[in-house]
Amino acid sequence: MTERPTERRSRYLSEEMLFESLLALAEKCPSRWADFPLGRRLMYLRVRAGLNQRELAAGAAVSQGQVVRAEGGRDIRWSTLERLFGALGLRPLVLPVRVE
């Protein structure tokens with residue numbers, strides 16, 4: 001099924017409005033969460049979901065070592081982050097934030 005030009009345009013406008021809203025939210029984000037390392041955020045969300053590292057790894061179809069690396073702040077692939085956050089029912093999102 002193909003989209004009509006008006007449907008496509010309204011979808012893009014909605015995405016643009018969402019992006020602007022997310023940027024505004026990032027600006028207002030409490031510094032303690034914004035400065036929280038990504039790996040620590042992942043760990044917090046995993047624990048909050050009641051999962052251990054092995055369970056998260058199984059749900060994301062990655063090794064437990066990759067969970068350890070991600071939570072430890074080591075370099076990992078974006079696709080691995082997508083899998084890990086996806087197993088938690090989330091999607092990773094990178095937002096630019098002004099550096100003061």
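Analyst: Start with a cut-off: buried means under 20% relative accessible area, and exposed means over 50%. Keep in mind that this is a predicted model.

User: Is R46 buried or exposed?

Analyst: R46 has 8% relative accessibility, so it counts as buried. This arginine is found in helix α3.

User: Which residues is R46 in contact with, leaving aside its neighbours within four places in sequence?

Analyst: Contact means heavy atoms within 4.5 Å. On that basis R46 touches L51, N52, Q53, L56, E71 and L88.

User: Which residues of helix α3 are buried?

Analyst: Helix α3 spans residues 38-48, and its buried residues are G39, L42 and R46.

User: Where do they lie around the axis?

Analyst: They cover an arc of only 60°, which puts them on the same side of α3. The face turned away from that buried side carries V47 and R48, both exposed.

User: Now the helix pair. At what angle do α4 and α5 pack?

Analyst: Helix α4 covers residues 53-60 and helix α5 covers residues 64-71. They pack at about 110°, with their axes 8 Å apart. Angles of 65 to 115 degrees count as roughly perpendicular. That makes α4 roughly perpendicular to α5.

User: Which residues make the contact?

Analyst: From α4 come Q53, R54, L56 and A57. From α5 come Q64, V67, V68 and E71. By class, this contact has four nonpolar, two polar and two charged residues.

User: Let us step back to the whole chain. How many helices and strands are there?

Analyst: The protein chain has six helices and zero strands. From the N terminus on, the elements run α-α-α-α-α-α.

User: How much of the chain is buried?

Analyst: Buried residues make up 17% of the 100 residues. The accessible surface comes to about 8000 Å², and 54% of it belongs to carbon and sulfur atoms.

User: What share of contacts joins residues at least 24 apart?

Analyst: Take the contacts between residues at least 6 apart in sequence: 47% of these join residues at least 24 apart.

Conventions: Residues numbered from 1 in each chain as written. Predicted model: local features only at pLDDT ≥ 70, side-chain atom pairs only at ≥ 80, totals over all residues. Heavy atoms only, no water. Axes fitted to C-alpha atoms, helices over the stretch in contact; angles between N-to-C directions. Helix = DSSP H or I, 4+ residues; strand = E, 2+ residues; numbered from the N terminus. Parallel < 35°, antiparallel > 145°, perpendicular 65-115°, else oblique. Nonpolar A, V, L, I, M, F, W, Y, C, P; charged D, E, K, R; others polar. Buried < 20%, exposed > 50% of the residue type's maximum accessible area, 1.4 Å probe, protein only. Arc of directions from axis to C-beta. Areas by Shrake-Rupley, 256 points an atom, 1.4 Å probe, with all protein chains shown as cover.
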